[in-house]
Amino acid sequence: MKLSSKQVTALLEDHNLLIQGPEAALEFDFLHYDSRQVQEGTLFVAKGAFKKAYLDGVTGVSGIVADQDYDLDLPLWLVTDTQKALAVLSAAYFDYPADKLWIGAFTGTKGKTTAAYFAYNILKEATKGKTALFSTVDRIVGPNPEDKKKSDLTTPESYELYKDMARAVEKGMTHLVMEVSSQAYLKNRVYGLRYNVGAFLNISPDHIGPNEHPTFADYLAHKEMLLDHSDQVILNAGMDHYGEIFERAKAKHDLVLTFNREGADSQLNAKPTVSFRSDKAELHDSYFSVEDLAKLPELTELTGSYRLNLPGDFNEENATAALMMAALAGAKQRAMKKGLDEVTIPGRMLSLSLPGHGVAFVDYAHNYASLNALLAFAKKQSPEGQVIVVLGAPGNKGVSRRLDFAKVLSKQADQVILTADDPAFEKPEDICQTIAEAITNPDLTIHYQMDRIQAIHDAVFMAGPNDLVVVAGKGEDPYQKIGGVDTPYIGDFAVVKNCKEALEEGNFHN
Ligand SMILES: CC(=O)N[C@H]1[C@@H](OP(=O)(O)OP(=O)(O)OC[C@H]2O[C@@H](n3ccc(=O)[nH]c3=O)[C@H](O)[C@@H]2O)O[C@H](CO)[C@@H](O)[C@@H]1O[C@H](C)C(=O)N[C@@H](C)C(=O)N[C@H](CCC(=O)O)C(=O)O
Ligand SMILES: Nc1ncnc2c1ncn2[C@@H]1O[C@H](COP(=O)(O)OP(=O)(O)OP(=O)(O)O)[C@@H](O)[C@H]1O
């Protein structure tokens, strides 16, 4: 893969990004945006919080794309937007891999990872293993263990995005399911990228603050951009702000596919394209049915009953979106049923029965909307027992979550053990104190245990046979952020599993 200076100039001109470029005819063997990755013959894109000092002593850069003249004695392409420039150049450098893949994208405040795993599992089945997944948890570019790596961002930098797409194409993948964060649009990581299908799951205030979105309106506007860049769109007709989001979708699409729970209030007085209903909600899985009310030819495989290998009524919503996306990609019902029947997602709604101590859920819920959905489900499932929650809140970020958690706990929990959750540079005791002080329900029993492993043990120990233990916030995260360090942690699910094993061996003591 190479780029010529002529190509670079033409690409930047085509996208109206070029202010001024060099005359010399050059050939670049490599493209990058990080000085630590430079190789011989690199065209370097200086983006974001780049500092000239990063290139001190670095050899190999033979041209630079920047939005200012760093006085580097290198051929310079001066551009209006370096992030867009990186996206455009990366797509070309990796030979436009997006054009060789069917791409389905999910956005929303909650459920992106879950719905993406559902659609991936179905499409993997439907395409006989030729589906890739770019999620917050894993990036999977092929069928073998070495084709899977942990993600650093929900939606990667454009360069990484196209690099991994190219790897997926090289490995024979034909389909890709990905998550698209609002930040990806804000930072132009997905500038110029089109999706075959884009699904909008829900929206509630989140990601508002320094380095993210200045306001909710800005957050929503960036999420809505997915609708402009998708050939077909799927909307949850039950979500907040549906009217506005529907209008935005309608402006670009003759047909907007929608879904809603059977019997839910119809927003905009319109019947959704697809409805779903719970048939049986269990503690470890759920059974639900989906109906294509609009009788669209592209959704003929959809109508039917499904078993979802995960509990949570909100997951039926995620699953319906995933089923619609898979149907639009041409999946057959057999693949849809099998995909959902077998799916598991790292750290999302993992459940374990604890002999004599009820059932435990380990879940990644870490903001108001997700904790509320999770505890509402848990409360519904344990009419005879108590909901015992183990949680904390992170330090030095998302401070408003502390009050949000107190609000949800006050409504939906019977006991809470407040503990550490990525305290960073704050004291977990202080964070827990803030949560406790905002709890308004005098009947909610509050315990404190800063050692997270011990806190989970305590919760299991105090749970009776009809109780539910909910361990929220970290899922299977393998570390705790303490000070500036990612301190290894065995993960909430492993702790609960150890408790279960000890209970089974009659060896569980507190
Ligand atoms: C605010 C934001 O989006 N920042 C992202 C952005 O940072 P940036 O461009 O300023 O890059 P930087 O890391 O500060 O460094 C500046 C430039 O200098 C380069 N550099 C840096 C050091 C060096 O020695 N040499 C060098 O050349 C870097 O490669 C970079 O190009 O680009 C970086 C990758 O190029 C991202 O890692 C970084 O995400 C940060 C880590 C982040 O936490 N982002 C969060 C807010 C985020 O994007 N979250 C969403 C999820 C939202 C959701 O859950 O819905 C996501 O999509 O993950
Ligand atoms: N449709 C939904 N509505 C409300 N809560 C949900 C929904 N789907 C999932 N959740 C809750 O949110 C948590 C996070 O889900 P998931 O990781 O799928 O969302 P996400 O959009 O990828 O989140 P993030 O942006 O924080 O990574 C889950 O563990 C669950 O508790």
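The model is predicted. Its protein chain is divided into domain 1 (3-93), domain 2 (97-342) and domain 3 (350-504). Ligand 1 lies between domain 1 and domain 2, because both give residues to its shell. The shell around ligand 2 draws at least three residues from each of domain 2 and domain 3.

**Ligand 1**
- The shell around ligand 1 counts 20 residues.
- Asp34, Gly48, Leu153, Thr154 and Ser181 come nearest to ligand 1.
- Domain 1 (3-93) and domain 2 (97-342) both contribute to this shell, so ligand 1 sits between them.

**Ligand 2**
- Around ligand 2 there are 21 residues.
- Nearest to ligand 2 come Gly111, Thr113, Thr114, Ala365 and Ser370.
- Helix H3 (112-126), helix H8 (313-328) and helix H10 (368-381) are the elements that give two or more residues to this shell.
- H10 gives the most, with four residues.
- By class, the shell around ligand 2 has seven nonpolar, nine polar and five charged residues.
- Domain 2 (97-342) and domain 3 (350-504) each supply at least three residues to the shell around ligand 2.

**Domain 1 and domain 2**
- The C-alpha centres of domain 1 and domain 2 are 34 Å apart.
- Nine residues of domain 1 are in contact with nine residues of domain 2.
- On the domain 1 side of this contact, five residues are nonpolar, two are polar and two are charged.

Terms used
Residues are numbered from 1 along each chain as its sequence is written. Chains are lettered from A and ligands numbered from 1 in the order in which they are written. This is a predicted model: local features need pLDDT of at least 70, side-chain atom pairs count only at pLDDT 80 or more; totals for chains, interfaces and linings use all residues. A residue is near a molecule or strand if its C-beta atom, placed from the backbone, lies within 6 Å of it. Ala, Val, Leu, Ile, Met, Phe, Trp, Tyr, Cys and Pro count as nonpolar, Asp, Glu, Lys and Arg as charged, and the others, Gly among them, as polar. Domain bounds come from an automatic or database domain assignment. Two residues are in contact if their C-beta atoms, placed from the backbone, lie within 7 Å.
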